[in-house]
Amino acid sequence: MLAIIHFYWALGGNWGISSVLPTDKHGTKKLHPKKTDSAIVGCVLLIFSLFYAFNMGISGYKFPSVLFNYFGWIIPGIFLVRAIGDFNYVGFFKKVKYTAFGKKDTYFFSPLCLLIAAIGFIIYFN
């Protein structure tokens with residue numbers, strides 16, 4: 001689902017885009033992603049989801065165990081780092097909390113990243 005949303009933005013969609021980018025206290029956006037950036041993130045998220053789908057046996061194909069050992073740590077690690085944040089505008093430990101993005105990040109985006117990380121680690125250890 002996250003990949004689909006990023007592909008939607010890459011194709012020029014605007015729904016939700018105004019509140020998913022971090023801003024400072026004055027409302028100035030701290031990131032200015034291009035459509036290609038959204039497409040790249042969409043592709044990466046799609047690859048991550050396919051990695052887990054294949055390893056769960058949905059297609060009958062499983063990644064070699066050496067790849068699973070590396071990516072089984074890397075993928076949830078990326079989401080864990082995102083949940084922790086940059087200590088300024090993003091993540092649970094951000095300083096700027098009361099912007100439109102900051103509120104959504106606190107109640108939705110960071111918890112979602114933490115949940116994805118936890119599920120990834122659970123899958124890895126099972």
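Visitor: How many salt bridges does the structure hold?
Guide: Keep in mind that this is a predicted model. A pair counts when a side-chain nitrogen of Lys or Arg sits within 4 Å of a carboxyl oxygen of Asp or Glu. On that basis, the number of salt bridges in the structure is 2.

Visitor: Which residue forms a salt bridge with Arg82?
Guide: Start from Arg82, which belongs to helix α3. Its partner lies in helix α4, 23 residues apart from Arg82, so the pair links distant parts of the chain. The closest N and O atoms are 2.5 Å apart, and the partner is Asp105.

Visitor: Are α3 and α4 roughly parallel or roughly antiparallel to each other?
Guide: Their axes come within 7 Å and cross at roughly 160°. Angles over 145 degrees count as roughly antiparallel. That's why α3 and α4 are roughly antiparallel.

Visitor: What is the handedness of that α3 and α4 crossing, left-handed or right-handed?
Guide: By class, the contact between these helices has 16 nonpolar, 5 polar and 2 charged residues. As for the crossing of α3 and α4, it's left-handed.

Visitor: Which helix gives the most to the lining of the largest pocket?
Guide: That pocket has a volume of about 1,500 Å³. Of its 46 lining residues, the closest to the centre are Leu2, His6, Val41, Leu45 and Phe79. Helices α1, α2, α3 and α4 each supply at least two lining residues. With 11 residues, the top contributor is α4.

Visitor: How many residues of that lining are nonpolar?
Guide: The lining of the largest pocket also includes 6 polar and 5 charged residues. The nonpolar count is 35.

Key
Residues numbered from 1 in each chain as written. Predicted model: local features only at pLDDT ≥ 70, side-chain atom pairs only at ≥ 80, totals over all residues. Heavy atoms only, no water. 1 Å grid on protein atoms, 1.4 Å probe; cavity = no way out; pocket = protein on both sides within 12 Å on 5 of 7 lines; lining within 4 Å. Points joined across faces, edges and corners; volume = space filled by probe spheres on them. Helix = DSSP H or I, 4+ residues; strand = E, 2+ residues; numbered from the N terminus. Nonpolar A, V, L, I, M, F, W, Y, C, P; charged D, E, K, R; others polar. Axes fitted to C-alpha atoms, helices over the stretch in contact; angles between N-to-C directions. Parallel < 35°, antiparallel > 145°, perpendicular 65-115°, else oblique. Left-handed = near helix turned anticlockwise from the far one by under 90°.
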